[in-house]
Amino acid sequence: MKLHLANNQITGLPGSLATMHSLTKLNLSHNRIVHIPTCVYSMKGLVFLHLACNRLETIADQIQDLVNLKILIVEGNSIHTLPKTLCFLESLELLNVDFNDLQNVPVEMYQLSKLGRLACHPLDKGLHIIHNPLLKPIQEVLQGGLSALYNYLKPT
């Protein structure tokens, strides 16, 4: 089941949507959402969550509850940090955080093994992380690709 609510100037969702357990795709892109609505974290069947071009500044720790999530698109927001709980989403194949305010990434990010690589094309699976004010040495490490980033982040 899919729910497409893009381009509607939405700022939130009613809590009653939390019962939509069979929902697999949710598109809330191009709205005015400041926080991911709490009911979204109850949608355990989600494999695709599209929140690009909103007003997000954070992603709540409850993101880890979306255990089936394969695609998370939050590009074009104002996200400052990614929660380490995001790194527990073992099924994640595409994470798009392009055009945000990220200066760093969680050290646990190396656990996202299904991302596979740094992605360039919008449809590519992998990690999309360009156009963020990443601090050194993260910015330099990324020039070596995703494996270089993971090797840098992994505890020795």
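## Model and overall form

This is a predicted model, in which local features need pLDDT of at least 70, side-chain atom pairs count only at pLDDT 80 or more, and totals for chains, interfaces and linings use all residues. Residues are numbered from 1 along each chain as its sequence is written, and side-chain values use heavy atoms, with hydrogens and water left out.

The protein has two helices and six strands; these are DSSP runs numbered from the N terminus, with helices (H or I) of at least four residues and strands (E) of at least two. The radius of gyration is 15 Å, close to the 15 Å from the globule rule for 156 residues, so the protein is as compact as a globular protein of that length. That radius is taken over C-alpha atoms, and the rule is 2.2 Å times the number of residues to the power 0.38. Along the principal axes, the C-alpha atoms fill a box of roughly 45 × 25 × 25 Å.

## Nonpolar core

Of the 156 residues, 47% are buried (under 20% relative accessible area, with a 1.4 Å probe and protein chains only). The largest nonpolar core holds 47 residues, and Val-40, Leu-95, Met-109 and Leu-149 have the most contacts inside it. Such a core is a set of buried Ala, Val, Leu, Ile, Met, Phe, Trp, Tyr and Cys residues joined through side-chain atoms within 4.5 Å. Helix 1 (138–142) and helix 2 (146–153) are the elements that give it two or more residues; helix 2 gives the most, with four.

Beyond its neighbours within four places in sequence, Leu-95 is in contact (heavy atoms within 4.5 Å) with residues including Leu-72, Leu-86, Met-109 and His-128.

## Pockets

The largest pocket has about 210 Å³ of space. A pocket is an open set of points on a 1 Å grid over the protein atoms alone, where a 1.4 Å probe fits, with protein on both sides within 12 Å along at least five of seven lines; lining residues have an atom within 4 Å of a point. Volume is the space filled by probe spheres set on the points, which are joined across faces, edges and corners. Among the 14 lining residues, Ile-73, Asn-96, Pro-122, Leu-123 and His-128 lie nearest the centre. Strand 4 (71–73) and strand 5 (94–96) each supply at least two of the lining residues.

The second largest pocket has a volume of about 180 Å³. Its lining includes Leu-118, Cys-120, His-131 and Gln-143.

Definitions and conventions
Buried < 20%, exposed > 50% of the residue type's maximum accessible area, 1.4 Å probe, protein only.
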